[in-house]
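Dear colleague,

Please find the structure below, together with its sequence. My findings follow it.

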Amino acid sequence: MTPKTVLQVCPLPPRLEQALARHEPVRLFERPDFLTTDGDSVVAAVTSSRYGVSAAQLELMPGLGAIVHFGAGYEETDVDLARSRGVAVSNTPDVLSDCVADLAVGGLLDVVRRLSAADRFVRAGGWDFPLTTRVHGKRVGILGLGSIGRTIARRLEGFDMKISYHSRHEVSGVAYSYAPSAEALAEEVDVLVVATSGGAGTRGLVSDRVLAALGPDGYLVNIARGTVVDEPALVSALVEGRLAGAALDVYAEEPTVPEALLGLDNVVLFPHNGSGTRETRVAMADLAYQNLERFLTEGTLVTPVG
């Protein structure tokens, strides 16, 4: 009988790796030829949002039943292809919404009030820092009103902001106004917060036209995926003063950050750290392992995608 293998596609946080050790997983990043010789033994693959499972890897695992992602994102995995082959896919949603929302609000406060810039100013011996603009009462648009987007919106209500949003479909049960497109949303707000999912369907959604609609007094906050924003267009808009500022936790080619942004005082840069708290990473690791255990014992997933 062919042995049943759990495949670990990439390095994972220590807590999750310790849990996975109970199943003696094959670590693909240490044994890159394994799928060529023994791919038919793999029944479950554990990966991260950054790596996913490629179509080529999927082809080499005819017995695969589940792909378990550590992270909310799964755009590096072709979910439709996986499903067509009878492979279930899971991620770790919701448990990271609060911390990602906290970072989004922190980035918004930072770039609008220029907190990091003021900190650098004082450290360099300055004191009479230029006036900024207030946060209270601003019009904010949220691009993608999923779990994270709604959590951000609830926090911003405390700043008496006028909140509107754009998603693929209108969301029932919310009081926020709906804009029919990303461009229409940008036209009516002071701050655009990008909280939509990544992948081919949203690539370049925040285009040069959207940035132009946001305008020279507008701010962009992106805690979603770098690919959602036309990064060259964003860099040009910031360098040329056609955008007031940006707070970015994600980039098109991570970990590369466009060099032109490094010297801009109106840009706040984070190292893709939205879920980067001890509490959230523990919850993500535990949920990923629960998905694996549920599949291996019952053939189902705790948090299946879609």
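Two strands count as paired if DSSP finds at least two bridges between them. Strands (E, at least two residues) and helices (H or I, at least four) are DSSP runs, numbered from the N terminus.

This is a predicted model, in which local features need pLDDT of at least 70 and side-chain atom pairs count only at pLDDT 80 or more, while totals for chains, interfaces and linings use all residues. Residues are numbered from 1 along each chain as its sequence is written, and side-chain values use heavy atoms, with hydrogens and water left out.

The sheet

An open sheet is formed by 7 strands with parallel pairing, in the order β8-β7-β6-β9-β10-β11-β12. At its edges lie β8 (177-178) and β12 (267-269), each of which pairs on one side only.

Strand β6 (residues 139-143) runs parallel to β7 (residues 162-166) and is joined to it by 5 bridges; here Gly-141 stands opposite Ser-164. Strand β9 (residues 191-194) also runs parallel to β6, with 4 bridges between them, and Val-193 of β9 is the bridge partner of Ile-142.

Of the 5 residues of β6, 4 are buried, where buried means under 20% relative accessible area (1.4 Å probe, protein chains only). From β6 the chain crosses through helix α7 (residues 147-157) to β7.

A buried arginine

Where is Arg-225 placed? Arg-225 is in the loop between β10 (219-222) and α10 (231-239). Arg-225 counts as buried because its relative accessibility is 18%. Leaving aside residues up to four places away in sequence, Arg-225 touches Ser-49, Gly-73, Glu-75, Gly-198, Val-250 and His-272, a contact being heavy atoms within 4.5 Å.

Key. Buried means under 20% relative accessible area, exposed over 50%, partly exposed in between (1.4 Å probe, protein chains only). A crossover is right-handed if, with the strands pointing away from the viewer, the path from the first strand over the helix to the second runs clockwise.
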